[in-house]
Amino acid sequence: MTFLAIDVGNTRLKWAVFDQARPGAALLEHGVEFLDHIERLSEGPWARLAPPRHMLGCVVAGDTVRRRVAEQMELWDVPPRWVVPAAEEAGVVNGYDHPSRLGADRWVAMIGARHRVLAQGAARPLVLVMVGTAVTVEALDASGRFLGGFILPGHGIMLRALEAGTAGLHVPTGEVRPFPSNTSDALTSGGTYAIAGAVECMVQHLLAHCGQEPACIMTGGAGWKMAPSMTRPFELVENLIFDGLLEITAHRWADAPA
Ligand SMILES: Nc1ncnc2c1ncn2[C@@H]1O[C@H](COP(=O)(O)OP(=O)(O)O)[C@@H](O)[C@H]1O
Ligand SMILES: CC(C)(COP(=O)(O)O)[C@@H](O)C(=O)NCCC(=O)O
Ligand SMILES: [K+]
């Protein structure tokens, strides 16, 4: 019984095959494609896979991309299934004004992170940072309620916006420095500390709201770039979205009538 998990962000599609659809399942195969290269999947890495029995994914890249992924899956009989954020799932309560308008990747990552915290010990509040094309900073209380979150531009978008809006900021990537003394370092440091500062604000908000030290978890393709510049320790977790997709599937099956 193999399970295919897919995470389609605004820059890259990440996929993984597990031996089972439950937390802790063994990772058998995985890969990444930039969205421009989705059409390579069915004749490339997916061609040599044993047909997966089940699939669950999350997609925030729009309907056209979603259809292009579904086309690649026609290789197998397994129907594409995509997470739609609900009011509650797998023990997490969605505090968004309109739950289904929350990004599916944010919702799935929160579910993965919440169960990771529970597996580590007593229930605690949680700040979850996801550094991808955009950056999201989520807050959950100790009961597993998603209180709300920030959306910020990612590094790439910040730099492109500054380049497009000014005459004098066309420079190569620099280093993160406490006191940047050239344009490249000033831009790279500004973007990095904008994200780190926003995250620190959310930690303060959550501390004030819950009165308890939160667990701090970071994920996403560019998480490793942010990790050294955070104001407090963050656990850097790869594949949090896959963990969330496994949790959701396991909970849905456990809840389904026999
Ligand atoms: N090897 C890499 N290839 C592509 N992007 C990378 C790489 N390493 C880090 N990144 C960064 O990660 C981001 C993509 O992360 P990812 O989590 O896949 O984003 P998304 O989910 O929005 O598609 C890029 O914007 C880039 O800044
Ligand atoms: C915030 C996002 C753009 C993040 O996308 P990503 O960086 O993962 O590609 C995505 O989660 C999204 O489109 N969200 C919908 C709006 C919302 O969450 O409120
Ligand atoms: K993402």
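A residue is taken to be near a molecule or strand if its C-beta atom, placed from the backbone, lies within 6 Å of it. The structure is a predicted model, in which local features need pLDDT of at least 70, side-chain atom pairs count only at pLDDT 80 or more, and totals for chains, interfaces and linings use all residues. Residues are numbered from 1 along each chain as its sequence is written, while chains are lettered from A and ligands numbered from 1 in the order in which they are written.

The chain is assigned domain 1 (3-82) and domain 2 (88-244), with bounds from an automatic or database domain assignment. Their centres, taken over C-alpha atoms, are 25 Å apart. Between them, 12 residues of domain 1 are in contact with 12 residues of domain 2, contact being C-beta atoms, placed from the backbone, within 7 Å.

Ligand 1 lies between the two domains, because both give residues to its shell. Among the residues around ligand 1 are Asn-10, Arg-12, Thr-133, His-155 and Ala-222.

Seven strands form an open sheet of mixed pairing, ordered S5-S6-S9-S8-S7-S10-S11. Strands are DSSP runs of E with at least two residues, helices runs of H or I with at least four, both numbered from the N terminus; two strands pair if DSSP finds at least two bridges between them. Strand S5 (88-89) and strand S11 (235-236) stand at the edges with a single partner strand each, so one side of each has no neighbour in the sheet. Strand S10 (residues 215-219) runs parallel to S11, joined by 2 bridges, and Ile-217 has Glu-235 as its bridge partner in S11.

Methods. Two residues are in contact if their C-beta atoms, placed from the backbone, lie within 7 Å.
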